[in-house]
Amino acid sequence: MTTASHPAEHHHMMGLTLRNTAMGVGIVFLLVGVLGFIPGITTNFGAMTFAGHESGAMLLGVFQVSILHNIVHLLFGVAGLAMARNARMARLFLLGGGAVYIVLWIYGLVINQETAANFVPFNTADNWLHLILGVAMIGLGAWLGRDAMDETTTERRKM
């Protein structure tokens with residue numbers, strides 16, 4: 001006879017916890033933010049503006065970036081690292097950050113990319129990356145967040 005194991009056991013065996021996942025996502029955002037300021041990795045570096053659709057800088061030659069866009073990535077990374085300190089905040093970072101990226105995806109789809117509304121700036125590649133990031137972060141926050149919800153429920157029952 002076999003017994004069913006709790007999903008958390010599988011997460012921990014794979015090294016997937018809310019905290020280390022939020023930390024990993026935060027590190028990736030920090031890395032992307034830094035790479036956006038490195039000539040060569042960011043093509044047309046001299047054409048980078050602070051903000052706006054006029055910025056000609058392209059991270060990896062694909063994703064349109066500006067100084068503001070890079071700063072947003074750096075801030076998101078710092079938030080991820082700070083919120084990875086406990087499971088509840090890590091879950092909030094993944095779910096909330098994922099929701100922000102879904103909103104950015106929708107915003108990028110509805111604006112005219114050649115107007116002042118594209119102030120970050122975004123291009124088509126950015127838009128689809130935002131969708132993937134949003135879905136992945138929400139999915140990870142929900143999947144791994146079951147552990148945190150189970151722990152909270154167990155703690156409340158003990159009281």
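How many aromatic pairs does the structure hold?

1. The structure holds 7 aromatic pairs. Rings of Phe, Tyr and Trp (its six-membered ring) pair if their centres lie within 6.5 Å; planes under 30 degrees apart count as stacked, over 60 as edge-to-face and the rest as tilted. The pair of Phe29 and Phe76 is tilted, because the ring centres are 5.0 Å apart and the planes stand at 50°.

2. On the basis of the values: this is a predicted model, in which local features need pLDDT of at least 70 and side-chain atom pairs count only at pLDDT 80 or more, while totals for chains, interfaces and linings use all residues. Residues are numbered from 1 along each chain as its sequence is written, and side-chain values use heavy atoms, with hydrogens and water left out.

3. Phe29 belongs to helix H2 and Phe76 to helix H3, so their pair ties together parts that are 47 residues apart in sequence. Helices (H or I, at least four residues) are DSSP runs, numbered from the N terminus. Both Phe29 and Phe76 are buried, that is, under 20% relative accessible area with a 1.4 Å probe and protein chains only. Together with Phe93 and Tyr101, Phe29 and Phe76 form one aromatic cluster.

4. Helices H2 (18-35), H3 (67-83) and H5 (124-158) each give two or more residues to the lining of the largest pocket. The largest share, 8 residues, comes from H5.

5. Asn70 is found in helix H3. Is Asn70 buried or exposed? Asn70 is buried, because its relative accessible area is 0%. Beyond its neighbours within four places in sequence, Asn70 is in contact (heavy atoms within 4.5 Å) with Val32, Gly33, Gly36, Phe37, Met48 and Val65.

Technical notes:
Buried < 20%, exposed > 50% of the residue type's maximum accessible area, 1.4 Å probe, protein only.
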